[in-house]
Amino acid sequence: MIGTPVLQKIRFLSLPEAPTQTTGLSLKLKEQECLSLMKRCKNMEEFKQVHAQVLKWENSFCASNLVATCALSDWGSMDYACSIFRQIDQPGTFEFNTMIRGYVNVMNMENALFLYYEMLERGVESDNFTYPALFKACASLRSIEEGMQIHGYILKRGLEGDLFVQNSLINMYGKCGKIELSCSVFEQMGRRDVASWSAIIAAHASLGMWSECLSVFGEMSREGSCRPEESILVSVLSACSHLGALDLGRCTHVTLLRNIREMNVIVQTSLIDMYVKCGCIEKGLSLFRRMVRKNQLSYSVMITGLAMHGRGMEALQVFSDMLEEGLKPDDVVYLGVLSACNHGGLVDEGLQCFNRMKLEHGIEPTIQHYGCMVHLMGRAGMLNEALELIRSMPIKPNEVVWRGLLSACKFHHNLEIGEIAAKSLGELNSSNPGDYVVLSNMYARAKRWEDVAKIRTEMARKGFTQTPGFSLVEVERKIYKFVSQDMSHPQCKGVYEMIHQMEWQLKFEGYSPDTSQVLFDVDEEEKRQRLKAHSQKLAMAFALIHTSQGAPIRIARNLRMCTDCHTYTKLITVIYQREITVRDRNRFHHFKDGACSCRDY
């Protein structure tokens, strides 16, 4: 039996025979037929058959569309598209733009930039469609110099007023860390669309400028010309998460419900992340349980959220559910699991998970995983075991690992191992003033004042200053910041009067200031005054003044809570009948009726 050629078998990919004379009409029909066939291609095999037939006659229109189809289709091949592109004698703007976009889509950013330089060398005119893809390439490569050069060329070409180009510039400068240039482009825009606002909000969010992110969103809302899209609301939710701005987060949730019929997994996960990081773990759990489809990130956020709230056993159960669903954990998920064991004091479970990660799932522990294990052992008082783990690590321990051990030594008053950790940090040329402060505090507790003086002299010589503790509290959808020992707050007088009332009532509850937390060689009265002005107490006093009776109080801190503030807050919940939630860096403490969710661990 004689085989039938493949091109004849697949009849729907056949072009009509070329007429001997090409008229304008027949050329138009050919072009339409060519486009129709290319649109019906579903893979490279079918595309190559169309390409083989188009080669029978020369047509620049078809050649351009062959490049576009091959370069921009999900099933396409940039290598094959490049081979077609190189056969075009004089490629124009459209062909270059298409190839640049194609390279960016497959994340080959270097080739996208090289092709642009070739475009310039050939004297091919660029247009407003050339630059969005180029700026995306510069942003991905963090190539700020190339981005600025291209920006200069745009100014020469007179394209600086194009909306798409401006939006791409804002995005590029933001991702390259040049927020002032992003803002400059944004402020000079004559017209802004929703993509403009999305770009400038994302630029602030990418740099962790959360307050500014919310400020820009507020400006957008007041202007009222654009309705926020999903990407903007996700950035706003992220800002609320970091600032603990629950009320604004709730408003954003309402906006999502009003404007989006069906929220995708990314938006749902962002909502869960916002609620758990703003202290509402139950709301986060409720949303998580109602999700129809969950992915790895959804589980990771929920596990980490439960870890932050000290609910270690529940986090381990969610991890078990994830495995039962057939989702494979990665190193980020395991970091959340180990954090849950750490905050919950689950030493045995943590050791089991650490071994399971390596043996069952083939994930090599990173420095973050080892750091988590050192924290877990150290908090449980297993300081010698933690030191042995550090010494047996297959990778060189970094500052975070030694700092975790030093912190545990401070907690358990083990100066001997603490000095080993501090010495190792010194050998790593640690530039974190907190390391010096912790060791200084340990010497102060041991009343080794000469050593305290040496540490502080060394800090002064290196220009280090102690990071002041501050607390953020949300009142009527505004975030207020209080710094320890600060007397410059506009409502300072009223806050300190409230502190005086609080301490008067605390005496009847048996409260006595724990002056051992003040590690300065000063008299007891000075120590009591210093304790009184801790930022968390100032924030609580402000919230008690400005919120209604019985309303919950939520505070976020930049430094770990001292034991005196912990005891103080427990008693305040009894006196004023308030629930107080304090986010202590990466951990939550829920105070209610004189008790804390951490069980004083």
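Buried, in this talk, means under 20% relative accessible area. Keep that cut-off in mind, because tyrosine 334 comes out at 0% and therefore counts as buried. One caution before the rest: what you see is a predicted model.

Let me start with the aromatic rings. A search of the whole structure finds 14 aromatic pairs. One of them joins phenylalanine 319 and tyrosine 334, with ring centres 5.2 Å apart and planes at 65°, so this pair is edge-to-face. Phenylalanine 319 belongs to helix 19, residues 312–324, and tyrosine 334 to helix 20, residues 331–344, so the contact ties together parts that are 15 residues apart in sequence. Is phenylalanine 319 buried or exposed? Phenylalanine 319 is buried, at a relative accessible area of 2%.

A second pair is tyrosine 511 with tyrosine 568. Their ring centres are 5.4 Å apart and their planes stand at 90°, so this pair is edge-to-face. Tyrosine 511 is in the loop between helix 28 (492–508) and helix 29 (524–532), while tyrosine 568 is in helix 31 (residues 563–576), so the pair ties together parts 57 residues apart in sequence. Tyrosine 511 has 10% relative accessibility and counts as buried. Tyrosine 568, at 0%, counts as buried.

The charged end of lysine 294 sits over the ring of phenylalanine 288, 5.0 Å from its centre. Lysine 481 lies over the face of phenylalanine 470, and there the distance to the ring centre is 4.3 Å.

Next, the region around helix 7. Tyr116, Tyr117, Tyr131 and Phe135 form one aromatic cluster. Tyr117 also contributes, with Phe114 and Leu120, to a nonpolar surface patch of about 280 Å². Leucine 120 is found in helix 7, residues 109–121, and at 34% relative accessibility it counts as partly exposed.

Now salt bridges. Side chains of opposite charge can pair when their charged atoms come close. How many salt bridges does a search of the whole structure find? The search finds 17. Aspartate 564 forms one with lysine 537, and their closest N and O atoms are 2.5 Å apart. Aspartate 564 lies in helix 31 and lysine 537 in helix 30 (residues 535–546), so this bridge ties together parts that are 27 residues apart in sequence. Both aspartate 564 and lysine 537 are buried.

Helix 31 also holds lysine 570. The side chain of lysine 570 meets that of aspartate 600 in a salt bridge, 3.2 Å from N to O. Lysine 570 counts as buried, at 15% relative accessibility.

There is also a network: salt bridges that share partners join Arg86, Glu118 and Arg122. Within it, glutamate 118 and arginine 122 have their closest N and O atoms 3.4 Å apart. Glutamate 118 is buried at 18%, whereas arginine 122 is partly exposed at 44%.

Last, helix 16, residues 265–277. At 1.5 Å a residue, its 13 residues should span 18 Å, and its end C-alpha atoms are 18 Å apart, which agrees. The helix is mostly covered, with 11 of its 13 residues buried. Among them are Val265, Leu271, Asp273 and Lys277.

Key
Residues numbered from 1 in each chain as written. Predicted model: local features only at pLDDT ≥ 70, side-chain atom pairs only at ≥ 80, totals over all residues. Heavy atoms only, no water. Patch = residues over 30% accessible without salt bridge, like charges linked within 9 Å, V, L, I, M, F, W, Y side chains within 5 Å. Areas by Shrake-Rupley, 256 points an atom, 1.4 Å probe, with all protein chains shown as cover. Salt bridge = Lys/Arg side-chain N within 4 Å of Asp/Glu carboxyl O. Helix = DSSP H or I, 4+ residues; strand = E, 2+ residues; numbered from the N terminus. Buried < 20%, exposed > 50% of the residue type's maximum accessible area, 1.4 Å probe, protein only. Phe/Tyr/Trp six-rings, centres within 6.5 Å; stacked < 30°, edge-to-face > 60°. Lys NZ or Arg CZ within 6 Å of the ring centre and 35° of its normal. Expected span 1.5 Å × (residues − 1).
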